[in-house]
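Please consult the sequence and the structure shown here.

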Amino acid sequence: MKQYNSLLYFLNHGLWLLLLLCHIQILHNKRFCSGSSMSRNKAMVESLQRYGVIRSNKVAEVMESIDRALFVPNGAGAYIDSPMSIGYNATISAPHMHAMCLQLLEKNLQPGMHALDVGSGTGYLTACFGMMVRPEGCAVGVEHIPELVSSSIENIQKSAAAQLLKDGSLSVHAADGRKGWPEFAPYDAIHVGAAAPEIPQALIDQLKPGGRMVIPVGNMFQDLKVVDKKSDGSISVHTETSVRYVPLTSREAQLRGY
């Protein structure tokens, strides 16, 4: 009987906890599904600040200025902290991952610097890079799915970064990102939005002395690696956290599902 009562106690309190968690999630969803698009975007950024993901005023300002809803399919679920499919077996990372990468690269995204976004997808992070390095900086996105390149340019044209496209300080190109984009190298900052089995040498070569690259590395098990190139050209690498990204692969392999 005692065991039976204990079981009932557990079930009743377990159900109560489940209902409480559901209520919290409903309130969270309501918060990001009411109000104007920009106010919801701002609420997303404020949430990331409260949880300590965003620690820089500059990163917060840039993420507030670039409305994430413009860069996800139909704007659906734009402010929920979760990755989303964007078609072609590709995804847009969760907001906390974009914020983390911007924080890790902030010192290398100062005005006038050059930034490369490999696997630029919908163009969201490329637009953020452009806002970080203006004026006189250069932000480049490389994506090997031409359809995503076209749609990302359309997304950016609707955003606060539109003028950067017009003046040429921000550009997006259809190419194999594993080879980087030599035209505007060397880069102060390189971000890779898909997991490589190993760090591509071409990207290391295009990293400026004093520059930093953030790249997920691994196959089944992946780590977000931070690669720093010292002034003498030597490389240091450390692991920031465990992650789960789609593979950095060829266009053909991606389209057939790797």
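Gln222 is located in strand S8, where strands (E, at least two residues) and helices (H or I, at least four residues) are DSSP runs numbered from the N terminus. The model is predicted: local features need pLDDT of at least 70, side-chain atom pairs count only at pLDDT 80 or more, and totals for chains, interfaces and linings use all residues. Residues are numbered from 1 along each chain as its sequence is written, and side-chain values use heavy atoms, leaving out hydrogens and water.

Gln222 is buried, with a relative accessible area of 5%; buried means under 20%, exposed over 50% and partly exposed in between, for a 1.4 Å probe and protein chains only. Leaving aside neighbours within four places in sequence, Gln222 is in contact with residues including Ala195, Val217 and Ser242, contact meaning heavy atoms within 4.5 Å. The side chain of Gln222 also lies at these distances from two backbone atoms:

| Backbone atom | Distance from the Gln222 side chain |
|---|---|
| Asn219 oxygen | 3.2 Å |
| Tyr245 nitrogen | 2.6 Å |

Seven strands form an open sheet of mixed pairing, in the order S5-S4-S3-S6-S7-S8-S9; two strands pair if DSSP finds at least two bridges between them. The edge strands, S5 (170-174) and S9 (235-243), each pair on one side only. Strands S6 (residues 187-192) and S7 (residues 207-218) run parallel and are joined by 4 bridges; Ala189 has Arg212 in S7 as its bridge partner.

Helix H4 (residues 95-105) lies across S6, S7, S8 (222-229) and S9, running at about 155 degrees to S7. Angles run from 0 to 180 degrees between N-to-C directions, with axes fitted to C-alpha atoms, for helices over the stretch in contact.

Definitions and conventions
A polar contact is a pair of N or O atoms within 3.5 Å; within protein, one must be able to donate a hydrogen and the other to accept it, and residues adjacent in sequence count only if both atoms are side-chain atoms.
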